[in-house]
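Subject: Structure for you to look at

Hello,

Here is the structure I said I would pass on. Please open it first, then read the notes below.

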Amino acid sequence: MKRIALIAVCLIGALLIYGTLDMPDWGDPRSPASLHVSPRYIEKTVEETAVPNMVTSVLADYRGYDTLGETTVIFTAGIACLLLIRRFY
Amino acid sequence: MIAFFEDVIIQTVCRILTPFIQLYGLYVIAHGHYSPGGGFQGGVILGASFILLCLAYDIREVKRRMTEQWNLLFCSIGVIIYSGIGALCLVLGGEYLDYSRLHKILFLDPIEARSMGIFGIEVGVGITVMAVMISIFLNLASEGEHERELE
């Protein structure tokens, strides 16, 4: 059983590595993300949000839902830790 | 279990450093618009100042400054601030988390209102991260038995 699992893991790993060969090179200026999304953020950040720090504007404004989810994850982690470990007498 | 350990030098240095660490945490949150930083990083620095107090003194000292009830309240308040600002944009006629709608109540132009909206949610994130850090540390350090430290 363990051997089958090992073979399955190796097979899927090889498939995943094969899949990455089709991805654009690291830092490739002609990759789709660099062609449309990044220039839009770089050019319009100060104009649209008046925030000089691009990271902040992308994190909190353009990708606001993502950050809301992250905050909720941290909140959930704290509550889960409290419920699991804390002992109420 | 963190027992009481008395050392004049460590306690004095930590006591003097704590307000400066907290001031720096507030700076990192507030200055996230212009420099690296923001809610997550500043919140962790604020939480670390309380953890430092806990290491230098004991849990009782931390709970005297930040009780468990307040800590849990802060955990929720941060998320409520964030989602509340999003819902406020919804109420003011825009989309969820579309901060430019806040210009109706902030009396700024929409661009500045977006900047202020980003600042508001950073504050919310910072409060939540700070409270959760303290909560997790206290629970792990005392194995969930804060009361035993108080006896």
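Start at B:Val129. Leaving out residues up to four places away in sequence, B:Val129 touches A:Ile74, B:Gly39, B:Phe40, B:Gly43, B:Val44 and B:Gly47. Two residues are in contact if their C-beta atoms, placed from the backbone, lie within 7 Å.

Before going further, note that this is a predicted model, in which local features need pLDDT of at least 70, side-chain atom pairs count only at pLDDT 80 or more, and totals for chains, interfaces and linings use all residues. Residues are numbered from 1 along each chain as its sequence is written, while chains are lettered from A and ligands numbered from 1 in the order in which they are written.

The core. B:Val129 is one of four residues, with B:Met130, B:Val132 and B:Ile134, that touch the most other members of the largest nonpolar core, which has 41 residues. A nonpolar core is a set of buried Ala, Val, Leu, Ile, Met, Phe, Trp, Tyr and Cys residues joined through C-beta atoms within 7 Å. Buried means that 20 or more other C-beta atoms, placed from the backbone, lie within 10 Å of a residue's own; exposed means 12 or fewer, and partly exposed is in between. H6(B) gives this core its largest share, 15 residues. Helices (H or I, at least four residues) and strands (E, at least two) are DSSP runs, numbered from the N terminus.

The contact between chains. On chain B, 32 residues are in contact with 27 residues of chain A. Helix H4 (68-91) and helix H6 (110-141) of chain B each supply at least two residues of the side that touches chain A, and H6(B) gives the most, with 15 residues.

Chain B. Its secondary structure comes to seven helices and zero strands. Of the 151 residues in chain B, 40% are buried. The C-alpha trace of chain B spans about 55 × 30 × 20 Å along its principal axes.

Chain A. Helix H1 (residues 2-20) of chain A has 19 residues and reaches 27 Å from its first C-alpha to its last. The number of buried residues in H1(A) is zero, so this helix lies largely in the open.

Confidence. The mean pLDDT (the predictor's confidence in each residue, from 0 to 100) is 89 for chain A and 88 for chain B. Among the elements of chain B, helix H7 (residues 146-150) has the lowest mean, 63. The model scores ipTM 0.86 and pTM 0.84.

Regards

Terms used: The expected span of a helix is 1.5 Å times one less than its number of residues.
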